[in-house]
Amino acid sequence: MRINDTKHGFYSYQNQQNRSNIKNTTKKTATSAEVNISSRGREISQAMMSEQAQRQQRVQELKQQITGGNYHVDSSKIAEKMTAFWKNTSI
């Protein structure tokens, strides 16, 4: 590359500007897609929605228990989970 060649730098800059001014002239076609979901896919979707609804209901119950002061943590379960975790990760 020649450092003193100012013409080359100017033309590449001008060409870059020209490229950005060119509009994308692709043909716009009517895009329509047809999707067919299998019966198994519908079953999976319904199962997932059902599980999510159950989860949302459980979250709401827990929120009500926490705000009402009725939510109690079982410390023995927490201790069991923590010891099991640390036993598995220390190997």
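This report describes an aromatic pair, a nonpolar surface patch and the salt bridges of a predicted model.

## Basis of the model

In this predicted model, local features need pLDDT of at least 70 and side-chain atom pairs count only at pLDDT 80 or more, while totals for chains, interfaces and linings use all residues. Residues are numbered from 1 along each chain as its sequence is written, and side-chain values use heavy atoms, with hydrogens and water left out.

## Aromatic pair

The ring centres of Phe85 and Trp86 are 5.1 Å apart and the planes stand at 80 degrees, so the pair is edge-to-face (centres within 6.5 Å; planes under 30 degrees apart are stacked, over 60 edge-to-face, the rest tilted). Phe85 is partly exposed at 46% relative accessibility, and Trp86 is exposed at 54% (buried is under 20% relative accessible area, exposed over 50%, partly exposed in between, with a 1.4 Å probe and protein chains only).

## Nonpolar patch

Phe85 and Trp86 also belong to a nonpolar surface patch of about 760 Å², together with Ile66, Tyr71, Val73, Ile78 and Met82 (residues with over 30% relative accessible area and no salt bridge, nonpolar side chains being joined within 5 Å). Helix α3, residues 75-89, gives the most to this patch, with 4 residues. Val73 lies in the loop between α2 (39-68) and α3.

## Salt bridges

The count is 2 salt bridges (a side-chain nitrogen of Lys or Arg within 4 Å of a carboxyl oxygen of Asp or Glu). Glu43 pairs with Arg40 at 3.4 Å, N to O, and Arg58 pairs with Glu61 at 3.7 Å, N to O. Arg58 and Glu61 are 3 residues apart in helix α2, about one turn of the helix.

Terms used
Rings of Phe, Tyr and Trp (its six-membered ring) pair if their centres lie within 6.5 Å; planes under 30 degrees apart count as stacked, over 60 as edge-to-face and the rest as tilted. Patches are made of residues with over 30% relative accessible area and no salt bridge: like charges are joined within 9 Å, nonpolar side chains (Val, Leu, Ile, Met, Phe, Trp, Tyr) within 5 Å. Accessible areas come from the Shrake-Rupley method with a 1.4 Å probe; for residues, only the protein chains shown count as cover. Helices (H or I, at least four residues) and strands (E, at least two) are DSSP runs, numbered from the N terminus.
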